[in-house]
Protein chains: 2
Amino acid sequence: MTQAVRHDSMRARNLGVVLGEIRRNGPVTRAALAEITGLTKTTVSKMVGDLIEAGMVAESGALRDGERGRPGTAVVLSGRRVAALGLEINVDYLSACVVDLTLAVRLRYSQAVDNRAASPVETLSRLAELAHRAVDEARREGLAVAGSTLAVPGPVDGGLVHTAPNLGWHHVRVSDLLDFPVEVDNEANLAALGELWFGSAPGDFLHVSGEIGIGAGLVVGGTLFRGAHGLAGELGHVVVHPDGPACRCGGRGCLEQYAGQEALLRACGLTGIPELLESLRAGEPGALEACERAGQALGVALTSAIHLMDPGTIVLGGVFAPLFRWIRDPVHQAMAARLTGMRHTVPDLTVSRLGSDAAPLGAAGQIIHRIIANPIAILLRR
Amino acid sequence: MTQAVRHDSMRARNLGVVLGEIRRNGPVTRAALAEITGLTKTTVSKMVGDLIEAGMVAESGALRDGERGRPGTAVVLSGRRVAALGLEINVDYLSACVVDLTLAVRLRYSQAVDNRAASPVETLSRLAELAHRAVDEARREGLAVAGSTLAVPGPVDGGLVHTAPNLGWHHVRVSDLLDFPVEVDNEANLAALGELWFGSAPGDFLHVSGEIGIGAGLVVGGTLFRGAHGLAGELGHVVVHPDGPACRCGGRGCLEQYAGQEALLRACGLTGIPELLESLRAGEPGALEACERAGQALGVALTSAIHLMDPGTIVLGGVFAPLFRWIRDPVHQAMAARLTGMRHTVPDLTVSRLGSDAAPLGAAGQIIHRIIANPIAILLRR
DNA sequence: ATATTAAGTCCATAAAGTGGATTAAATCGG
DNA sequence: CCGATTTAATCCACTTTATGGACTTAATAT
């Protein structure tokens, strides 16, 4: 439902529009912003002044473009003051990063811990420690951390982690166990947003994050698609073969049974992804064939996903990123053979540059993007 | 990208918010609207006055609710003046309907024509005739038709019908061949919206429209999901069996090859849906088994769709509506067996009450809903 | 050196919503 | 049955925010 607009919310929204255009259009003059937004120069000037005062925007010198007439002074986002904290809990590590308003990564922490062996309380208290360290260090650099988001490997509904099978979590309400406010979201969702904001993906893509399970995040028009209950994107359980091997989800022939990390390693008799990469580089036939098969299955599942969700491009991330060289062709062939009749073009198949960093970056980016869309909260805080 | 708000657009938006709440909350008093929207009574009163003057809202008498204090006078949407035209071209008929602002169907026209035998120009000139008749008759009843939408059986991108295989259309730009402005959209999309606004579906569902092909429209939070190029929802080509029979799309084992109208009839050796229904009612084993198999395949495809798109409920429409009695159980069983491990609940499986009327109703409803969201265009026209 | 052009600021004005006061029309209690 | 209370709707002076034209500033062109 659309909300009513009042004078204060009009101003709040317009501040967000101006700040958003400053972000999109790099160094811009106030006059250009007025043109872009449709607001008057007066209004834009006043807003830019407020944003500068709040430390969110800075003047970046005169913009001499060779045209005649008085040159404008361009403004850009400033990373000096406002920042956000991105957190991730995964099976064998914790990580945190601090990102400023320009989306520059300012701090990065990582800690190897086996979280399967620990209780949610233990894990979260370790995480809190990491988070406090990050916030303190950020403050020493003059950054004010305006919010934080936590990525967890499992479906999340309104701050409640329903199940994170690989962590052994059930019904964990994270906010009850942390001493600072945090938003919680699914790792695959945040990884897709990370790819959107920090990677090279355009505004429409399906990001496949193959970790232990296989998740996917669909971004359409720069917005994450979440479905009715926030459970969309479970690519790992798309049916590849209705009579295939039983899956831990209760179904049969799910993609995870063909292209999941465990299935992949089992198929070539290896114990870890590093070993698999080594075998692939050595050209061992068993490893190559296992990848070929996994790629074909992934191509079949992606075909269904493309018909249903119509993504712009496909970005392979997580463990599929290092394996890209070897799975690209089988995936592409399986898709091309099935899709060309219905669509003029088969979606591009690309690889994520971010790998496992995508989720915490997306987590921090989510806060930053919310601030840029609605900077009034920061203005009022001062 | 969010647009800047100015005084005029603030008013335009708030008018839409007020009108939307009048629609949602049935007969409401001005005071209640002020509470709901967060605007003041003064503002709401002024807007309701304007909307009444434009004939979009009417007072519906005093609302005596037994509470003490002065009773309010309730207002409701008025269907007196504003209306929209919904049009449909399908393989063997043309249809048109006029719907007023309250979503009451005021006029309905239908014409049996074999559109496969006709050129797009012929078909569209017949359609124009039907449309003009509808608009004239509506005017005689005091209705002003504010816009129209046309449903076609095939993917549409910005007014261009790329291919409508069952009509034999290729690259038809409809607006060039009609003498009145019309929006064009895919039939499955509009059928889903018809189900949303005229049927009994809640705001989150996947509407499956099985006609010659099998399409689907996903509605999330009352909004249709279209994907990156408007091609989302091609349920008929979700892969059920990667090595199954070849499909006209170039793939193998698509759902259409198991549950499409042609496959279904071929499996039991019958020539039409009426005959199939008769056989089913007579309990003939061949027909029952064909339905059982089609239902299982549909259940497998829906399982993939649910994992990927997380719909609230599933609504079966088109030819699946009359077959519902016989396919419900196999579909449900196939879904339940595969889904229960991952989700607490399997989406409800319901049947559409609208059948083939869904698309033209959705077409007209789309115009009405746009007017309700942005009534300023109508106010200015007077 | 002067004309022209464009950027940014100033200021009076307009548009729209706010909030408290007022009037209207009910119910409640004695 | 009448006054007190309560809620609806309207009225009006005021606030917030954006507008638009005038003005100032700083560059290029002639």
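**A friendly note on a two-chain predicted model**

1. In chain A, strand β8 (residues 156–157) and strand β9 (residues 160–164) pair in the antiparallel sense over two bridges. Strands here are DSSP runs of E with at least two residues, helices are runs of H or I with at least four residues, and both are numbered from the N terminus. Two strands count as paired if DSSP finds at least two bridges between them. D157(A) has L160(A) in β9(A) as its bridge partner. Two residues sit between the strands of this hairpin, and G158(A) takes a positive phi near 55°.

2. Before going further, a word on what you are looking at. This is a predicted model, in which local features need pLDDT of at least 70 and side-chain atom pairs count only at pLDDT 80 or more, while totals for chains, interfaces and linings use all residues. Residues are numbered from 1 along each chain as its sequence is written, chains are lettered from A and ligands numbered from 1 in the order in which they are written, and side-chain values use heavy atoms, with hydrogens and water left out.

3. Now follow β9(A) onward. Strand β10 (residues 169–173) of chain A runs antiparallel to β9(A), and four bridges join the two. Across this pairing, T163(A) stands opposite H170(A) in β10(A). The hairpin that β9(A) and β10(A) form has four residues between the strands, and G168(A) in its turn has a positive phi of about 75°.

4. Another hairpin is worth a look in chain A. Strand β5 (residues 93–100) and strand β6 (residues 105–112) of chain A run antiparallel and are joined by seven bridges. L94(A) stands opposite Q111(A) in β6(A). Which residue takes a positive phi in the hairpin of β5(A) and β6(A)? Here L103(A) does, with a phi near 70°, and there are four residues between the strands. As you trace these strands, remember that in a regular strand the side chains alternate between the two faces of the sheet.

5. Two bridges link β1(B) to strand β3 (residues 72–77) of chain B in the antiparallel sense, and V28(B) stands opposite V75(B) in β3(B).

6. Next, the domains. Chain A is divided into domain 1 (7–77), domain 2 (82–192 + 359–381) and domain 3 (200–353), with bounds that come from an automatic or database domain assignment. The C-alpha centres of domain 1 and domain 2 of chain A lie 31 Å apart.

7. How do domain 1 and domain 2 of chain A meet? Eleven residues of domain 1 are in contact with twelve residues of domain 2, where contact means heavy atoms within 4.5 Å. The two domains bury about 1,000 Å² between them, 83% of it on carbon and sulfur atoms; buried area is the accessible area (1.4 Å probe) that two parts lose on being put together, summed over both. R23(A), M56(A) and L77(A) supply 45% of the area that domain 1 of chain A buries against domain 2 of chain A, more than any other three residues.

8. On the side of domain 1 of chain A that touches domain 2 of chain A, the elements giving two or more residues are α1 (7–24) and α3 (41–53) of chain A. Of these, α1(A) gives the most, with six residues.

9. Finally, the two chains. Chain A can be laid on chain B with an RMSD of 0.2 Å by a turn of 180° and a shift of 0.1 Å along the axis, which is the relation of a two-fold axis. The superposition is by least squares on the C-alpha atoms of residues with pLDDT of at least 70 in both copies. H241(A) comes closest to the rotation axis of the residues of chain A, at 3.0 Å (C-alpha).

10. Between the chains, 58 residues of chain A are in contact with 58 residues of chain B. Chain A and chain B bury about 4,800 Å² between them, 62% of it on carbon and sulfur atoms.
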